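Hello,

Here is the structure we talked about handing over.

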Amino acid sequence: MVLQLTLPLETEATARRRILNICQDNARNVVEIVRKLFQMTDAVAKKQNEKAKEYHKGILGMIEESNKLKSNLLQQVASLGLFLINREDFLRLTFRLSEITDTIEGVAFRFASAFEKKLSMDAKFTAGISQLTSLLLEEATKMRETLMSLTFNPSKALELASAVEEIERKIDTTYRMLDIELLTSKTAVPSLLFQKDIVERLEKIADLVADTLDQIRVLAISS
């Protein structure tokens, strides 16, 4: 009797690479969303409200694309089941990326609401916000590069992830300075609370990007 050996149609390594590609596509999209947020805050700082509104529309469109990528990944992971060893790590990475876009959506919505309600914002504050989002863009770009490097060199991913620590320190310093400036300003309470909420959400985005990098480290170690 001849025994036939049935091989899987897809190896675990191939499946992992396919899932990683979806995560990388999502990371690229997240970076572009952060870029749009920077452009929006820069337009706000320059009082270019119409431009800022256009950037807001762009952010919403790209967030929708990010949601589609997330849905696709969840379907792919569900179809693989236990076959994908790192499925939980990929899921955590995906949920972190989703949290970043959700928080960005909240910041962009608040800026858009400020236009509608004609809420005044201090020029020093908007300039500081623009600087903070510029650093966030730099951090997110490094995060994407780190994730991309997993394809060919997991050791390089660990090296790139560590290099982001300097950017994180700059973000922390900028955040603290903005926070102190707001608390010591003579801004009216409604405007103060509004501006402080935006700063705190931006700081949360930085923390989420850092968490995403930690998750990429986990994938690099397990590669």
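This is a predicted model: local features need pLDDT of at least 70, side-chain atom pairs count only at pLDDT 80 or more; totals for chains, interfaces and linings use all residues.

Start with helix α4, residues 123-149. The axes of α4 and α5 come within 7 Å. They cross at roughly 165°. An angle over 145 degrees counts as roughly antiparallel, so α4 and α5 are roughly antiparallel to each other. The crossing of α4 past α5 is left-handed.

Which residues make the contact? On the α4 side they are E145, T146 and S149. On the α5 side they are P154, K156, A157, L160 and A161. By type, the residues of this contact split into four nonpolar, two polar and two charged.

L160

Leaving out residues up to four places away in sequence, L160 touches E145, T146 and S149. For a sense of scale, take L150, ten residues from L160 along the chain. The C-alpha atoms of L160 and L150 are 11 Å apart.

R16

Next, go to helix α1, residues 12-45. R16 lies there. Is R16 buried or exposed? Its relative accessibility is 13%. Buried means under 20%, so R16 counts as buried. What does the side chain of R16 meet? One of its polar atoms lies 3.2 Å from the backbone oxygen of L219.

Best wishes

Technical notes: Residues are numbered from 1 along each chain as its sequence is written. Side-chain values use heavy atoms; hydrogens and water are left out. Contact means heavy atoms within 4.5 Å. Axes are lines fitted to C-alpha atoms, for helices over the stretch in contact, and angles run from 0 to 180 degrees between N-to-C directions. Helices (H or I, at least four residues) and strands (E, at least two) are DSSP runs, numbered from the N terminus. Angles under 35 degrees count as roughly parallel, over 145 as roughly antiparallel, 65 to 115 as roughly perpendicular and the rest as oblique. A crossing is left-handed if the near helix is turned anticlockwise from the far one by less than a right angle, and right-handed if clockwise. Ala, Val, Leu, Ile, Met, Phe, Trp, Tyr, Cys and Pro count as nonpolar, Asp, Glu, Lys and Arg as charged, and the others, Gly among them, as polar. Buried means under 20% relative accessible area, exposed over 50%, partly exposed in between (1.4 Å probe, protein chains only). A polar contact is a pair of N or O atoms within 3.5 Å; within protein, one must be able to donate a hydrogen and the other to accept it, and residues adjacent in sequence count only if both atoms are side-chain atoms.
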